[in-house]
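Here are some notes to read beside the model. Please keep the sequence and the 3D view open while going through the points.

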Amino acid sequence: MTMHKIARVAAVAGMALTSIAVTTAAHAEEARPRPAVALAAGCPGSGQIDRNYTCTSLSSGVLFHRKYTNDVASTWYTKTSGGTISARLGYNRGGSSHYGAKFSQSSGTTKTSTWNGVDYCSSTVGTLNVDGQQTFQTPLASCS
């Protein structure tokens, strides 16, 4: 490759990186859970990752619950150890429980359930109901 081509490639690459760096991010929240980010940082002792985004550390993984500004709620469980479980994910709002389909989950996987029409500012708790065990829950997610 000639020096002229190398210089041109470097200039184009530099402009592309500069434009990426100065482009502002969209402010709409993504309606997909991002467990790897929260899991890498760990679930804080308070269980509050952000407003309307909570988690609970369990002996075999982390349970997450998040509500989005488009009235979508998600609960997901990242299983890091232990044997296969049969469970279902859900949320509780005002004493009323809502669950997704039952699933089987092994270590090293993440399972997610998502619901539409869950008011962003309503107070909810994410739940994981494990067959033969108990129902685990996250702290309260609310916009206040």
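1. Begin with Ser97. Apart from neighbours within four places in sequence, Ser97 is in contact with Tyr91 and Asn92. With Asn92 there is also a polar contact, side chain to side chain, at 3.0 Å. Keep in mind that this is a predicted model.

2. Where does Ser97 sit? Its place is in strand E6, residues 96–99. Ser97 has 41% relative accessibility, so it counts as partly exposed, because that class lies between under 20% for buried and over 50% for exposed. Thr124 is 27 residues from Ser97 along the chain, and the C-alpha atoms of the two are separated by 9.7 Å.

3. Another contact to look up involves Arg88 and Tyr99. The charged end of Arg88 sits over the ring of Tyr99, at 4.0 Å from the ring centre.

4. Next, the sheet. Five strands form an open sheet in the order E1-E2-E3-E4-E8, and the pairing is antiparallel. Strand E1 (48–50) and strand E8 (109–116) are at the edges; each has a single partner strand, so one side of each is left without a neighbour in the sheet. On average, neighbouring strands of this sheet are turned by 15 degrees against each other, direction ignored. In general, strands of a sheet pair through backbone hydrogen bonds, either parallel or antiparallel.

5. Tyr77 has Lys111 in E8 as its bridge partner.

6. How many aromatic pairs does a search of the whole structure find? There are three. In one of them, the ring centres of Tyr53 and Trp76 are 5.9 Å apart and the planes stand at 45 degrees, so the pair is tilted. Tyr53 belongs to strand E2 (residues 53–58) and Trp76 to strand E4, so this pair ties together parts 23 residues apart in sequence.

7. Are these two residues buried or exposed? Tyr53 is buried, with a relative accessible area of 7%. Trp76 is buried as well, at 0% relative accessibility. Trp76 also pairs with Phe64: the ring centres are 5.2 Å apart and the planes are at 15 degrees, so this pair is stacked. Phe64 is in strand E3 (residues 61–68) and Trp76 in strand E4, and the pair links these distant parts of the chain, 12 residues apart.

8. Phe64 is buried too, with a relative accessible area of 1%. Taken together, Tyr53, Phe64 and Trp76 form one aromatic cluster.

Conventions. Residues numbered from 1 in each chain as written. Predicted model: local features only at pLDDT ≥ 70, side-chain atom pairs only at ≥ 80, totals over all residues. Heavy atoms only, no water. Pairing = 2+ DSSP bridges. Helix = DSSP H or I, 4+ residues; strand = E, 2+ residues; numbered from the N terminus. Axes fitted to C-alpha atoms, helices over the stretch in contact; angles between N-to-C directions. Buried < 20%, exposed > 50% of the residue type's maximum accessible area, 1.4 Å probe, protein only. Contact = heavy atoms within 4.5 Å. Polar contact = N/O pair within 3.5 Å; in protein donor to acceptor, adjacent residues only side chain to side chain. Phe/Tyr/Trp six-rings, centres within 6.5 Å; stacked < 30°, edge-to-face > 60°. Lys NZ or Arg CZ within 6 Å of the ring centre and 35° of its normal.
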